[in-house]
Amino acid sequence: MLNEENAAVFYLSKSNDDLYYLNEFISLARNAGYKVIEKYSQKLDKPDKHTFFGSGKIMEIREIIRNNDEKTDNYPSFDYVLVNDDINPLQKKIMEDILEMPVIDRSTIILKIFEDNAKSKEAKLQVEIAKLRYTSNQLVDAMASYSQVTSGTGRNKGEGEKAIELSKRQIENKIVAKKRELETIKLSRRISRAKRNKSPIPKVAVVGYTNAGKSSLINALLSYQHSHPNKTVLVKDDVFATLQTSTRLINCYGYPAFYITDTVGFVSRLPIYLIEAFRSTLEEIKEADLIVKVVDFSDSHYEEHIQTTADVLSQLGVENVPTLFLYNKYDQVAGTPTTLPKENELYSCLLPNESNISEIIKFISQNIAKKWKRKNIVFPFEKDFSAFMFDNYVQKFKEKEDGYHCTAYFNPLSIYKYDYLFKPRD
Ligand SMILES: Nc1nc2c(ncn2[C@@H]2O[C@H](COP(=O)(O)OP(=O)(O)OP(=O)(O)O)[C@@H](O)[C@H]2O)c(=O)[nH]1
Ligand SMILES: [Mg+2]
C-alpha cells in the first residue's frame, strides 16, 4: 500500500491465542494503511477504566514514544499507537493526552478498511450506518465515564450529559435516514431474492474468512459454463474486497442449475456494528440450501479461521444448513496433508485455468442432490433433456433406441413437471 504510516501496536496479553490475534491485527492494520514497526504487550486480564493499560505501563509506553522520537532512518520511528482492542472515548482521550500521539483502536481499523473498499451505494450506506452506530455506542460509553468522573459536581454534570444525549439523538436520526435510503436501494434486491426463494432452483451461499477465495469460487464456476452471460465478481488479494452480496446462476451442462451467493468475508471479533449493518445482506445465508465454507488451507491459522467463521455464523443465527468445506489454495500447501478429506470436504485450487473445477462442481451438485430421490428412468427424445438436466441431477445416462436411460436425482420442488416419466408409455 502506498503512503503507509508507521505505527506501533500495543495489546493486552490475555491468552495463548494472542499471537494469532496479533498477527491478524497487524495484517488488518496494513490493509488500513499502517505499517507496524513495533509491538508491545502487557499481561492484564481486564483493561484499566481510564488508561486502558495499567497506570505503570502507560508511563512506560510514554517513555517508549519519547525514545522513539530519536530514531534514525535505519530505525524508523512511529506516529500512531494502535490498540488491538476497542477503547472507549474517555480512555482514548486520556491515553492521547499522556502519550501525545493519536491512538487508534481495532474497530476503527476495520471500519476504515470497509470504508476504503465500499464502492457501491449500498455498501457505502451500510458502512456509514456501522460507523454511526459505533460513534453512538462510543457516546454511551462516554456518558457512563462522564457520569463517573463528574459525579457530585452539580450543574456541569447535567449540561455535559445533555450535550452527549443531544449528539446521540442526532446520530440516531441520521441512522434512521440512512436506513430509509438503504431500503429504497434494496428494493430491487429484495424482489430478486423473493423470486429466488419461490423458485425450485437450489441456493448455495459461499462464506468464509476474508481473502480465502470465495469470489474466486464464483468466477471459477461461471467460467466453467459453456457460455456465461453473468458478470464475474471482484477477486482481489485484499481483505474485505467483497462488500456486496451478489448472486449468480450457475448452469453447467450435466449438473443441476443453482444460485450461488458471494458474501462479505469474516475476521475474528468482527465489530458488532458491522454485523448489524450487513445483517440483511448476510441473511441470505440463512435461506440457503447449502453453505460452502471456503478455507485458505495455505494459511497456518486455517483452523482458527474455520472457528471464526463458525462464530460469526452463529452470531447471525445460521443453523442447520448443510455445509461443505472447500480447502482452497492447495497449490500453496507444502507436502500432502496427512488426513484424507471427509465426505463434506474437498481440497481445491481456484487459480484461473486450473482443471479441478469439474471436481468442485460435481462435489457441490452431489451435495445439493443428497436428499433428492434417486430414480432410474427413460427420458424420451421428444422432450427437452437439457431442461431436465437443469432441474435435476442426472448422475449418468446412456442414449438407447427408446430414449436416454438415466439414473437421476429428482428435485422434489420440480418433480411434478416430470409426471409423464412415471406413467406407463403407450
Ligand atoms: N495461490 C492461490 N491463490 C488463490 C486461490 N484462490 C484464490 N486465490 C487468490 O486469493 C486472493 C483472494 O481471492 P478472493 O476470491 O478475492 O477472496 P475472497 O474470499 O472473496 O476475499 P474477500 O472478498 O476479501 O473476503 C486473490 O488474489 C486470488 O487470486 C488458490 O487456489 N491459490
Ligand atoms: Mg470476495
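## Asparagine 367 in helix α10

Let's start towards one end of the numbering: asparagine 367 lies in helix α10, which covers residues 357-368. This is a predicted model, so please read each distance below as a value computed from predicted coordinates. The side chain of asparagine 367 makes a polar contact with the backbone oxygen of phenylalanine 363, at 2.8 Å.

Is asparagine 367 buried or exposed? Its relative accessibility is 14%, and because buried means under 20% relative accessible area, asparagine 367 counts as buried.

## Asparagine 31 in helix α1

Another asparagine to look at is asparagine 31, found in helix α1 (residues 18-31). Which backbone atom does the side chain of asparagine 31 reach? It is the backbone oxygen of serine 27, at 2.9 Å.

Asparagine 31 has a relative accessible area of 16% and is therefore buried, given that the cut-off for buried is under 20%.

## The chain as a whole

Stepping back, the chain has 426 residues, and buried residues make up 49% of them. Its secondary structure comprises 11 helices and 13 strands. Along the principal axes, the C-alpha atoms fill a box of roughly 95 × 50 × 35 Å.

## Where ligand 1 sits

Now to the ligand. The largest pocket is the space that ligand 1 takes up. There are 23 residues around ligand 1, and those that come nearest are Lys214, Ser216, Ala241, Asp331 and Leu350.

What kinds of residues form this shell? Eight are nonpolar, nine are polar and six are charged. Helix α7, residues 214-224, supplies the largest share of the shell, with three residues.

## Polar contacts of ligand 1

A polar backbone atom of leucine 350 is 2.7 Å from an oxygen atom of the ligand, and a backbone N or O atom of glycine 213 lies 2.9 Å from a ligand oxygen atom. Leucine 350 is also listed among the residues that come nearest to ligand 1.

A side chain takes part as well: an N or O atom in the side chain of glutamine 332 is 3.4 Å from a nitrogen atom of ligand 1. How much of the ligand's area does the protein cover? On its own, ligand 1 has 660 Å² of accessible area, and the protein covers 90% of that.

Methods
Residues are numbered from 1 along each chain as its sequence is written. Chains are lettered from A and ligands numbered from 1 in the order in which they are written. This is a predicted model: local features need pLDDT of at least 70, side-chain atom pairs count only at pLDDT 80 or more; totals for chains, interfaces and linings use all residues. Side-chain values use heavy atoms; hydrogens and water are left out. A residue is near a molecule or strand if one of its heavy atoms lies within 4 Å of it. A polar contact is a pair of N or O atoms within 3.5 Å; within protein, one must be able to donate a hydrogen and the other to accept it, and residues adjacent in sequence count only if both atoms are side-chain atoms. Accessible areas come from the Shrake-Rupley method with a 1.4 Å probe; for residues, only the protein chains shown count as cover. On a 1 Å grid over the protein atoms alone, a cavity is a set of points where a 1.4 Å probe fits but cannot get out, and a pocket is an open set with protein on both sides within 12 Å along at least five of seven lines; lining residues have an atom within 4 Å of a point. A molecule sits in a cavity or pocket if more than half of its atoms lie within 2 Å of its grid points. Helices (H or I, at least four residues) and strands (E, at least two) are DSSP runs, numbered from the N terminus. Ala, Val, Leu, Ile, Met, Phe, Trp, Tyr, Cys and Pro count as nonpolar, Asp, Glu, Lys and Arg as charged, and the others, Gly among them, as polar. Buried means under 20% relative accessible area, exposed over 50%, partly exposed in between (1.4 Å probe, protein chains only).
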